[in-house]
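Please look over the sequence and the structure below before reading on.

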Amino acid sequence: MHAWVTRFALLADPTRLTLLLCIHAAGEICVSDLAVAAGLKDTTTSQALRLLRAQGLVATQRAGRVVRYRLADETVHALLHEVVGHAARL
Ligand SMILES: [Zn+2]
């Protein structure tokens with residue numbers, strides 16, 4: 001129950017939802033590419049990612065100096081498929 005409240009609270013924000021959709025579309029993506037894809041500032045993107053990571057929605061993979069983000073919560077991943085599917089029908 002609590003996990004659902006947390007998930008929906010995190011998703012109920014345009015910035016975070018946009019970032020999650022961009023991460024989903026990319027598979028794995030670094031912060032600067034993600035900021036460009038989402039049309040957000042790097043700082044805004046980093047702040048949102050910190051929160052999403054702390055709550056377990058995204059995870060990081062470090063390759064040398066580059067840190068890439070990917071989805072880490074299968075339930076949220078499934079929900080994003082719903083969002084993408086409905087957006088395509090608008
Ligand atoms: Zn997917």
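Setting aside residues up to four places away in sequence, Leu57 touches Leu10, Leu20, Leu52, Arg70, Leu71, Ala72, Asp73 and Val76; contact here means heavy atoms within 4.5 Å. Leu57 sits in the loop between helix H4 (42-54) and strand E2 (58-63). Helices (H or I, at least four residues) and strands (E, at least two) are DSSP runs, numbered from the N terminus. At 2% relative accessibility, Leu57 counts as buried. The cut-offs are under 20% relative accessible area for buried, over 50% for exposed, and in between for partly exposed, with a 1.4 Å probe and protein chains only. Between Leu57 and Thr44, 13 residues apart along the chain, the C-alpha atoms are separated by 17 Å.

The model is predicted, and local features need pLDDT of at least 70, side-chain atom pairs count only at pLDDT 80 or more, and totals for chains, interfaces and linings use all residues. Residues are numbered from 1 along each chain as its sequence is written, and side-chain values use heavy atoms, with hydrogens and water left out.

One of the residues that Leu57 touches is Asp73. Where does Asp73 lie? Its place is the loop between strand E3 (66-71) and H5. Asp73 is buried, with a relative accessibility of 13%. Not counting residues up to four places away in sequence, Asp73 touches Arg7, Gly56 and Leu57. Asp73 and Gly56 are 17 residues apart in sequence, and their C-alpha atoms are 6.6 Å apart in space.

Is Arg7 buried or exposed? Arg7 is buried, at a relative accessible area of 14%.

Trp4 is partly exposed, with 38% relative accessibility. Once neighbours within four places in sequence are left aside, Trp4 is in contact with Thr75 and Leu79. Trp4 and Thr75 are 71 residues apart in sequence, yet 9.5 Å apart in space from C-alpha to C-alpha.

Helix H2 contributes Leu21. This residue counts as partly exposed at 25% relative accessibility. Leaving aside neighbours within four places in sequence, Leu21 is in contact with Leu80, Val83 and Val84.

Next comes the metal site. Which residues coordinate the zinc ion? They are His24 (NE2), His77 (NE2) and His81 (NE2), at 2.0 to 2.1 Å. Along the chain, the donors follow the spacing H-x52-H-x3-H. His24 lies in helix H2 (residues 14-26) and His77 in helix H5 (residues 74-89), so this pair ties together parts that are 53 residues apart in sequence. Donors are N, O and S atoms within 2.8 Å of the metal (3.2 Å for Na, K and Ca); water is not among the atoms, so sites may look incomplete. His24 is partly exposed, at a relative accessible area of 22%, and His77 is partly exposed at 22% relative accessibility.

The remaining values describe the chain as a whole. The protein chain has 5 helices and 3 strands, and their order along the sequence is α-α-β-α-α-β-β-α. Of the contacts with a separation of 6 or more, 52% are between residues 24 or more positions apart. Of the 90 residues, 28% count as buried.

How does the overall size compare with that of a compact globule? For 90 residues, such a globule would have a radius of gyration near 12 Å, and the 13 Å of the protein chain agrees with this. The radius is taken over C-alpha atoms, and the globule rule is 2.2 Å times the number of residues to the power 0.38. Along the principal axes, the C-alpha atoms fill a box of roughly 35 × 30 × 20 Å.

The accessible surface of the protein chain comes to about 5,700 Å², and 57% of this belongs to carbon and sulfur atoms. Accessible areas come from the Shrake-Rupley method with a 1.4 Å probe; for residues, only the protein chains shown count as cover.
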